[in-house]
Every structure is written in C-alpha cells, then in structure tokens.
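Notebook open, structure up on the screen.

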Amino acid sequence: MATDASLLYLAALPEADRSALDLASSQDLLGVCRRAVDAARLRGRPVLTSWAMPVPYTDALDVWRRSRRVADRAMLWRSAWDSTFLVAAGTAHDLSADGEDRIGAVRAAWAELADGAVTGGGPTAELPTGQGPLLVGGVAFAPAAGTSRPPFPDALMWVPSVQIRGTAAATGRGAPLGELRLNAVVDRDSDPVRVSRDLLDLAERCLSPMPAAPDGPVTPPLPRESAELPPADDWKSLVGRAVRRMREGAFEKVVLAREVRYVADRSFDVPAAVDRLGRAYPEATLFAVRDSGFEFVGATPEYLVRLTGGTVHTLGLAGTTPRGATPEEDAAYERDLTGSAKILHEHDVVVRMLREALTTDCADLTVAPSPTVLKLANVQHLSTPVQGKLAEDAPGILEFAERLHPTPALGGHPRAASLDWLAKNEGLDRGWYAGGVGWSDTSGQGEFAVAIRSALIHGNVASLYAGCGIVADSDPEEEYLETCAKLRPMLHALGLA
Ligand SMILES: C=C(O[C@@H]1C=C(C(=O)O)C=C[C@H]1O)C(=O)O
C-alpha cells in the first residue's frame, strides 16, 4: 500500500514526464485533513475536505474501468457540451434521498455540507465548468411507490472519494492536464493520517498504470431469453388509449415508455458496451453509474440543464424520425421532421415549458426561433437550445433540475394531468430511465443529462428502455417503431443486435 502522494503521482505519469512536474507531497494532503478535523472540532459538525493535484491526460475509460472494480461506487461521465470527462470512485459522503422531494432533500444536504469546505493542493487543470469537490449521481424519473426502490434510491447522489476530471479532446504530451481530487468528510474523531492514507490508496488503485484486463468474456454474451414489457400489442393499445384521452381533452401530450429485458448466457461486458456507445454517439453525453453491482448506463442526446459562468442552458429535444439508408431517403425523413404539424406541436410543447420555467430567473432568455435537426446514428430529432443569463440571486443547478424535471419531452403536458395518467396507466417502473444523471459543484454550477437511451444492467440481466411523445394524432404502430429505433444503440452496444 502506498502512503506517499509522490508514488501516486509517478504512477500516473508517463516516464518521460516525471522530472518535469513538481512532486506532490502526502504531507500536504495530511495537512489539509488535519485542518479539516480541527474545523470539525471547532464547528461541532462534519466537514468536507478536498485536496487536488494535476495529473497528465489519462484514458478516462481505462481509469473508470479500474475504478468500478476497486470502489464501492463509481461513475463515468463524458459531457456532450465540452467533452470533459469525470471519473468518480468511492464514497466520501452519501447524500441519497427518497420520495417526491428527493432532489430538494439532496440540495439542502449538499448546501450544508459544501459550506465551509477545507481545501488544499493544486494548482490543477483549468476545467470548463465546475470547480472543487463535486456531488455526483442521478435521480429516478419518479419516486418509487412504497418502500425504497431496488437497486438505487430515488436520488443516489454522493461526494466521491476520488474524482478525476479532464478534457477528453486532449491527447499526447504537452496536452492540458487533468485534475485528481481527493475528498473526505471528517468529524471530530477522524484520524487524519488514516483518512489521507485511505484516499491515496484508493486513488492509486484507480490510477494504476497497469492496463485493466477485459471485464467480461471476449465473445459477446448470447441472449437466452428476452421479454417486451409490456408485450408489443399491449403497448400499442396503451398508445391508442392515450390518444383517445387526448382527443377527449384530458391532456395535450404524454410520453409513453416501455422496457425490453434480456437475460444472457453470461455477464454483460459493461465497459465494452460503454466504449462502443461513446464511439458511435460522439455527440451524446455518456454516463455509467455503478452501485452494489448494478450499473445504469447510457448515451443521451438530451440534457436537462447546465449551469456555468452565470448562464443556464437547457434543451428542447422532441420530435423524431428515422435516419435514411441513402442521402435522399435521409433528406426525406428530415423533411418529415421539419414539416410535420404533429411533430412541431410535440416539440413546441416542450420549448414553451422550458421558456416558462426559466423566465423568472433569467435576465435575458434566448430561444432559437425555430428548431434545428440533430442527426444521430440511429434517429434524427428536432432540437431547440434555450439559454439565459442568470439573475444575481438565481438558484443553483439542483434547483433548476428539480424545477425542469420532468419536461414534457419525458413526462407530458400539462404536467399534473399527464403524469397522473402515466402513473396509473403506463404500468412500467421506469427507475432511473428518463430521470437525470449529472453533478453539481459546491457553488451550484454543474450539468444534468436526461437519462434516456439507457439500460440498467446487473450481471447477465439487462433492462433497456425507450419511449416517445404521444399527441392526439399519434399512430400506435409508428410510435412502436420509433421506440425500436431508440433501443438500437444499446442493443448494439451490448452485442444483442
Ligand atoms: C423518451 C425518449 O426520447 C424522448 C422523446 C422524443 C420524441 O418523442 O420524439 C425525442 C427525444 C426525447 O426527448 C427516449 O429516447 O426514450
């Protein structure tokens, strides 16, 4: 076990770079931990401590692959906005919460913990957004009915012990540095020597230069059984029922989802799947959250909210057509997308809601006058970015996430009537599908993606999810085919198609 920060540093560095950089000292980390324990004694409450040092560009996927083996929890994040990656490992502090007010409860606990953090180390890489220790994780689409939902709570948010951030675009020597950050929450009885030693030990195991052996079998697992939940015909009838309710005027739009569950002959290779997703969907936010052997992964084109430098960004993404096999066919599908009154209506409902939700906190709201087309490998979508300059006393990202979720791109409109119908009729435990995955820093800057194009994986069982917006003139068969197209990325990634 290494107890010296300089060993850790060298482990992460290519041979030729070793002499060029200052050696970090374990004494420095220890000093910060000591200060934090002193502060905990003085304040009579636990104190967040965080220490950072630069690390050269590292292969984020490789670090994450190792982290998910050595830590109780791990998360990978590659941001669609600026290509920064985040690998989080271990638990410095758990802020998970259940129930309707899950995001609010996390927000309050994070504000208390973040206040008066004792920090040290650095200087580190300049990151495009967010600084210092982060709160990472995700939230379910809706609170679980009754007892806590297995395997994840309604909001699984935690401060990781080890946090590695950098820019995925950077390659080779002379490239921008990344940041390694070690976080802990100490109380009056904590032993600073032990705290710093445990952090270095975990970081070294995550950053070890040894290549991680492949996780699963070299040949992809073969599906032994699969089930559509609900069965295809039942789901189409459900779409028909939603259409009838909308024609009766009950609501304007509702998003119906379904699950496809696969049981394979052996465990799925999650890192290989994430690697494939990342390559096939470079414009997507890539995420993987692992806890207790369950892993929720996805590559989503949709973000809920991003807060950076006094600006809030969100995205209206709704309206879908397939990609064509030829440029002509693709252009025809694009014309269907931009010229369909039904699709434009579906999209407009989302943009209207986003605008309303942001108006009060933004001095200056910019909404593109008409949607653009986002082309992914499997489908194309109508897309309208929305951004605003935040007013002085505007809230942080968790409050925006709470306010925006679920947008009518994942729930419906009007919100209360559509969600109520959904809860009574969809018959699906969405879990984290269509919820949010992301992070916040101590000042409320951060990013949350909408957790679609996602799957929950546990050993040899994978649950894949997809849904689509239904309006009064939706056709059940077409909507069913749309969900099939949305499932395709994950099916390919897992080697199931
Ligand atoms: C619900 C999903 O996607 C959402 C629904 C869309 C639609 O109805 O056109 C488009 C993008 C997403 O907002 C999904 O992928 O599961």
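I started at the ligand and found 17 residues around it, with T320, A409, I452, G467 and G469 as the closest. A residue gets in if its C-beta atom, placed from the backbone, lies within 6 Å of the molecule. This is a predicted model, where local features need pLDDT of at least 70 and side-chain atom pairs count only at pLDDT 80 or more, while totals for chains, interfaces and linings use all residues. Residues are numbered from 1 along each chain as its sequence is written.

Strands (E, at least two residues) and helices (H or I, at least four) are DSSP runs, numbered from the N terminus. The shell has nine nonpolar, five polar and three charged residues. Here Ala, Val, Leu, Ile, Met, Phe, Trp, Tyr, Cys and Pro count as nonpolar, Asp, Glu, Lys and Arg as charged, and the others, Gly among them, as polar.

Then I looked at where α2 touches α5. S26, L29, L30, C33, R34 and V37 in α2 meet P192, V193, V195, S196 and L200 in α5 (contact: C-beta atoms, placed from the backbone, within 7 Å). I sorted the residues of this contact into eight nonpolar, two polar and one charged.

Last, the domains: I noted domain 1 (5-207) and domain 2 (225-493), with bounds from an automatic or database domain assignment. I found 38 residues of domain 1 in contact with 40 of domain 2.

Key. Contact = placed C-beta atoms within 7 Å.
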